[in-house]
Amino acid sequence: MEDLGFNSFCKTKESRMPVYDNNQGISRFPEFLKSECKSNLLLGSEKLRWLTPKAFLELDNMLLSINSNRVGLVKLVVGNTSAGYYKELENCDTYIDLRYIPELSCIRRDPVGIEIGAAVTISKAICALREGAIVYKKIAAHMEKIGTKFVQNTGSIGGNLVMAQREHFPSDIATILLGAGAFVNIRSGTAYETVSLEEFLERPHLDSKSVLSSVKIPLWELDRKLLFETYRAAPRAHGNALAYVNAAFLAELSSCGSSGGAVLNKCLLAFGAYGKKHAIRAREVEKLLTGRVLTARVLYEAINLVKATVVPEEGTGSEAYRSSVAVGFLFEFLSPLADATIGISRCTLSSKDAEENYEEGGHVKCPRMLSSSRQVFQLHIDYRPVGEPIVTSGAALQASGEAVYADDIPSPENCLHGSFVYSTKPLARVRGIQVNPKSQSNWISGLINYKDIPKGGKNVGSMTIFGSEPLFADDFTQCAGDRLAFLVAGTQKEADVASRLAIVNYDLENLEAPILTVEDAVARSSFFQVPPFLYPKEVGDFSKGMAEADHQIFSAEVKIDSQYYFYMESQTALAVPDEDNCMVVYSSSQCPEYVHATIAQCIGVPEHNVRVITRRVGGGFGGKAIKSMPVATACALAAHVLRQPVRIYVNRKTDMIMAGGRHPMKITYSVGFKSTGKITALKLDILVDAGIYTDISPVIPSNFMAVLRKYDWGALSFDIKVCKTNTVSRSAMRGPGEVQGSYVAEAIIENIASTLSVNADCVRKINLHTHDSLMLFHPDSSGEVPEYTLSLIWEKLAQSSEYSQRREMVSEFNKCNVWKKRGLSCVPIVHELIVRPAPGRVSILRDGSIVVEVGGIELGQGLWTKVKQMTAFALGLIKCDALEVDLLEKVRIIQADTLSLIQGGFTAGSTTSESSCEAVRLCCEILVERLRPLKEKLKTEMGSVQWEMLIQQAHMQVVNLSTSSYSGPDFSSNRYLTYGAAVSEVEVNLLTGGTTILRSDILYDCGRSLNPAVDLGQIEGAYVQGIGYFMLEEYTRNSDGLVTSDGTWTYKIPTVDTIPKQFNVEILSSGNHKNRVLSSKACGEPPLLLASSVHCATRAAVRAAREQLQSWGYHDEYGPTFNLEVPAVMPTVKEQCGLDNVETYMKWKMSTHRVEQ
């Protein structure tokens, strides 16, 4: 199954997909693949049925037959998109597809409104509503924000409303249609009933004979003065995220003759998704407003009543925030009408101004997702093709779907599938595991646990230099998420369902309480030891530094939470038993060598009996390092015990629960500083939550302190404890410890700036290193004076980003805008990198093509691309005729194979690409030396030497054309520093807490980039992943430490609508670095740290909001010093801006202006 990189698993004779031609028009599905496709209507069991009635009568007969025969679970579907939200643990026996009943799929218009069939897809409803009145257009615009295009094209209007009624789904569609006064038609047998949508949502579930047939949206005449708006506050502004709150308001207005104010003749106020069973009409608020002249006093009464009406159920989460946002929505809707200086005509839908919100043809204008970007780099041609921005190796294969990942390998004959059974308790005895009767027992082939480990094997699931972690818990589970067993079944779905339904019998009697926090760990002295060689060194005299300070801050706290890896490809492995007690394992791993050793120890065989193959990995970020080992080991153990191939693709929920992620921390610090902002001393007490096993946690203190040293702290003292808690062990994640250290440094700077009432960027600048202070804080990696580029980067970025001008513009914007504030921040990084040894092998085949093996794994970071370029450059030094152009195309990088190339180590720490390149360069250097005498001889004889001729002659003359090397840098030069800075501008909506990144400018020192295109992608990708950590991604756990953010519905990574609207990246070409690989520097992890500039800019905007609150007379809680948590999600930002800022504003306005009572 292993090969040289082409798709050996394709069953057809075609080796590549057809080349895309954009002049050809619509691209059709390739003919040669059609025969490979199977109908998606096959349900895999004769007992399951998929029925497609063509008429209501046929549907009635089906339902009658099903009820009379007492068939099991029945589900009426259109697109069945609900399965993505409500995971089915029990298979339905019958699915009835309603798409082919004409009455359910038609759209009718009449003088009083539009009627949309229940089976009409959301996308078709959007198209129909765009063609109607402005109210319809606004509904369509809101629907555009619901789900992905796939969901819109598949899910139905009726299905969404039924989910809202039956399953209490937090629907946007239900809310906006409720606000538009919609009705629904229900068919029961041959009878029809029309009820308001409000009544439908409050009714019991539809019985087995009833079907929602259509929804009717009234036509609101524009000759009446009308105002209609929809709102949603969601983690993603433009869709694919459930709202915290949504709303839709409609009002009919008239003018009060005496005062000229607006009178609300009628209003519909709908709120939804805020933590109740379904969307509601705020009837009491409507009653309060109807018939009254809208003044500031009336508006104040209305928002207070909304606050009392929109009350989430206990346990919803962010309850106060949701109520606050509902208040903000109503305020935003009505406040223009309460302003006597604004006429009604300027607010209503019949005005000309409203038409400006629509494009030609009446389509709602959609906000632009990304306005512009700029990438700048300097091209070097000294080492061609190294330094050129060539396309990533394998990009076409990945784009076409032909690239083979571990889970793409076809299952061998009799292959079984596995799924983990994990603990939901943090500390308990495990009395037994039972298969739930609801899961069909004939599915299950085995339940593997620690008792099945063969004689001579060990219960080991992963290994590092710090120790090992068991593959399975024994009689005690140590944490929620602990692996208890490996359930094996015939298909992956069967295994997943059976493992989820498995019943674990726990016993908590006479057990100590689990340690679930770092505070608990300190109280009970539960720590992991950090080896002395890894514990960082202090700098200077803290007491002396504090004595020199003009100001001091004592015992300030910073808390940092975790982050999940969210690789596109989940953990996956395939284990195939081989002859002579051997095992071949295909693993998606960043460290096949360690997977190899772990499997051998677990099943008790010599390492030469195990072979681990990894071609490429679909994203790792550290999560495919240690955490990939137990996945592959469990498959290998099951395959060894059952003597059958076993594979697994870990479902996202299970992976999120077991992954651990980034290390949470609690930091307490004391700092001294001058009135100028110059810091004289810093002391930190750091508690790192490592979880239950060591993993790589002992390196976190060193990584944390290395990056925190980006500023000159004067004197630096610290105490770091790595805490052992009863939670899933944390592991390396892109920039492990370094992201936290960089952020803590910025939090300290921000606190100092707040104390001194100065701009934080001024404090940053005054505390940047000189080269002398850099040598003090980074004695092993500071380098020569010309290599220190941070001062140059800081000044150059200030110019290219127009920092000074934009700072003035931000200040002016904040003065002119009440409900939006902006912030600007510039953040530097000084990042220490360690170059590790790496193996490589280069072989030249008879036809002149070249095969390269490296220990580094292609994770999407462009490692193969850079290695290809280095191979072409280094072999090109032989100087054959017409060689430079062709040699790059002759190079193929092949998969990692632990029995072919050993000592591969970890692909981690950003430097594996350069280490692999250096190993390959050394190989090529040897080959060139072997070939040079023959080349000179041939040139003398023939005058011209072609590459192919040289290689053919070398084969004939028995020249060894294969060689390997092991690149090991000198200890004196295996560390170096890289530098960068970012300027970010953020806008905050004070009514919702929503943040928009208006612009980010990055300047990063790559040395002389090996491939600027790849490095730009790495910089941008790392930065955006950092935005996720600092602004979006909540990795929450319950009181037992079990992860509750266990899927895409609750865990939100950045998407196109959350990245900067203007995104400019420049690579600084910093000249010659003699100890680096062709003067290059790494860029995989450091740019992630620069995303803290977004958090700091948000903090600056929040500070402006708090200053405004103080100007309104709110002095108690909203001073200049505050803690903006990570991630700064909408509820967090809103809380710091004032959950009652609308009420405060209204009271201030009424107290300072004459208000009509």
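Author: At 21% relative accessibility, R921 is partly exposed, a class that lies between buried (under 20% relative accessible area) and exposed (over 50%), with a 1.4 Å probe and protein chains only. E925 is also classed as partly exposed, at 41%. The areas come from the Shrake-Rupley method with a 1.4 Å probe, and for residues only the protein chains shown count as cover. This is a predicted model, in which local features need pLDDT of at least 70 and side-chain atom pairs count only at pLDDT 80 or more, while totals for chains, interfaces and linings use all residues. Residues are numbered from 1 along each chain as its sequence is written, and side-chain values use heavy atoms, with hydrogens and water left out.

The side chains of R921 and E925 form a salt bridge with an N to O distance of 3.3 Å; the term requires a side-chain nitrogen of Lys or Arg within 4 Å of a carboxyl oxygen of Asp or Glu. Side chains of opposite charge can pair when their charged atoms come close. Both R921 and E925 belong to helix α27 (residues 912-942), where they sit four residues apart, about one turn of the helix. Helices (H or I, at least four residues) and strands (E, at least two) are DSSP runs, numbered from the N terminus.

By the salt-bridge rule the count is 50. One of these joins R822 to E987, with N to O at 2.7 Å. Because R822 is in strand β31 (residues 820-834) and E987 in strand β37 (residues 975-989), this pair ties together parts 165 residues apart in sequence. R822 is partly exposed at 23%, whereas E987 is buried at 12%.

D712 and K678 make another salt bridge, at 3.7 Å from N to O. D712 lies in the loop between α20 (700-708) and β30 (715-724), and K678 in the loop between β28 (665-673) and β29 (679-691), so the contact ties together parts that are 34 residues apart in sequence. Here D712 is buried, with a relative accessible area of 16%, and K678 is partly exposed at 25%. Salt bridges also link K710, E746, E750, D761, R764, R1099 and R1103 in a network.

D561, E1034, E1125 and E1135 gather in a patch of negative charge on the surface. Patches take residues with over 30% relative accessible area and no salt bridge, joining like charges within 9 Å and nonpolar side chains (Val, Leu, Ile, Met, Phe, Trp, Tyr) within 5 Å. Lys and Arg count as positive, Asp and Glu as negative, and His and the chain ends are not counted; the place of a charge is NZ of Lys, CZ of Arg, CG of Asp or CD of Glu. D561 is in the loop between β23 (551-560) and β24 (572-578), and is partly exposed at 34%.

A nonpolar surface patch of about 280 Å² is made by F377, L379 and I381. F377 is partly exposed at 33% and lies in the loop between β13 (372-376) and α13 (395-400). That loop between β13 and α13 also holds P385, and the peptide bond from R384 to P385 is cis, with omega near 0 degrees. V1126 and P1127 are likewise joined by a cis peptide bond, with omega about 0 degrees; P1127 is in the loop between α31 (1092-1111) and α32 (1130-1137).

Most residues other than glycine have a negative phi, and most peptide bonds are trans. N80, not a glycine, has a positive phi near 55 degrees. N80 is in the loop between β2 (74-77) and β3 (94-97) and is partly exposed at 21%. S555 has a positive phi of about 55 degrees, is placed in strand β23, and is exposed at 53%.

Finally, an unreviewed UniProt entry lists S156, I157, G158, G159, N160, D172, L212 and R232 under "binding site". The listed residues span 77 residues in sequence and their farthest two C-alpha atoms are 26.0 Å apart, so they do not all gather at one spot. UniProt positions follow the numbering used here, feature names are shortened, and annotations may be inferred rather than shown by experiment. Of that list, L212 is in strand β8 (residues 210-218) and is buried at 7% relative accessibility.
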